[in-house]
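Let's take a look around a protein model together.

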Amino acid sequence: MNQFTVGGIRLTPGFCNKISTHPVSSGTTEPLVSITETDRNKLIESSIQSYTVNIVMSLPNTLLDISNAPLTSGFFLDQEKKTIFLSYVGVNNIVTDMASFGTSTILCRGFNITYDGGDADCLYNMYHIQFEYKLLGENFQSVDAIIVHDFNLDPVLSRGTVTTVRTSRQ
């Protein structure tokens, strides 16, 4: 299994599926993200915190090869291992309007979905991406949420979505 461990976190890919059959002329302005805690009863080590992240996002119809780009702290999501890359970018304070936290900044674990859509393509496909991350050990950086950035290498355009863990009570 293709896993990557960095900064006390183990990332495991789930899938990266194109879910639209015909490209459209406009895409979502931000990734749609949900995160759920994995059922601890299903884990071998029940003390490990594990989360499943689901992302639905628009990507350009034409994706260029980025396998020679300086990409770190992650892995390719696409089957060809050359156009869609997931990376872990650490923990940062993020300015947000999440009223439930009563503050203008929250501590987030950051992830980038990196690709190169070129500058000529105006058509988009929807993708469903899933991955899991596990916090290894007991001493890890606690966060309030995650942020997933849509990072197009050309043109350099970044969008992000802050998401908190969904519990059974929500």
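Predicted model: local features only at pLDDT ≥ 70, side-chain atom pairs only at ≥ 80, totals over all residues.

Let's start with Met-57, which sits in strand β4, covering residues 49-60. Its relative accessibility is 0%, and buried means under 20%, so Met-57 counts as buried. Now find Met-126: it is 69 residues away from Met-57 along the chain, yet the C-alpha atoms of the two are separated by 5.6 Å.

Next up is Thr-38, in the loop between β3 (32-37) and β4. Thr-38 is buried too, with 16% relative accessible area. Arg-109, over in strand β7, is also buried, at 3%.

Another pairing to look for is Arg-109 with Ser-142: they are 33 residues apart along the chain, and 8.8 Å separates their C-alpha atoms.

**Rings that pair up**

How many aromatic pairs does a search of the whole structure find? The count is 5. Take Tyr-88 and Phe-111 as an example: their ring centres are 5.5 Å apart and their planes meet at 50°, so this pair is tilted. The pair ties together distant parts of the chain, with Tyr-88 in strand β6 (residues 85-95) and Phe-111 in strand β7 (residues 105-115), 23 residues apart. Are Tyr-88 and Phe-111 buried or exposed? Both of them are buried.

These two also belong to a cluster: ring pairs link Tyr-51, Tyr-88, Phe-111, Phe-131 and Tyr-133.

**The largest pocket**

Rolling a probe the size of a water molecule over the atoms shows where empty space is left. Here, the largest pocket has a volume of about 210 Å³. Its lining includes Cys-16, Asn-17, Lys-18, Asn-61, Asp-78 and Tyr-127. Strand β2 (residues 9-18) gives the most to that lining, with 3 residues. Sorted by class, the lining of this pocket has 4 nonpolar, 4 polar and 3 charged residues.

Terms used: Residues numbered from 1 in each chain as written. Heavy atoms only, no water. Helix = DSSP H or I, 4+ residues; strand = E, 2+ residues; numbered from the N terminus. Buried < 20%, exposed > 50% of the residue type's maximum accessible area, 1.4 Å probe, protein only. Phe/Tyr/Trp six-rings, centres within 6.5 Å; stacked < 30°, edge-to-face > 60°. 1 Å grid on protein atoms, 1.4 Å probe; cavity = no way out; pocket = protein on both sides within 12 Å on 5 of 7 lines; lining within 4 Å. Points joined across faces, edges and corners; volume = space filled by probe spheres on them. Nonpolar A, V, L, I, M, F, W, Y, C, P; charged D, E, K, R; others polar.
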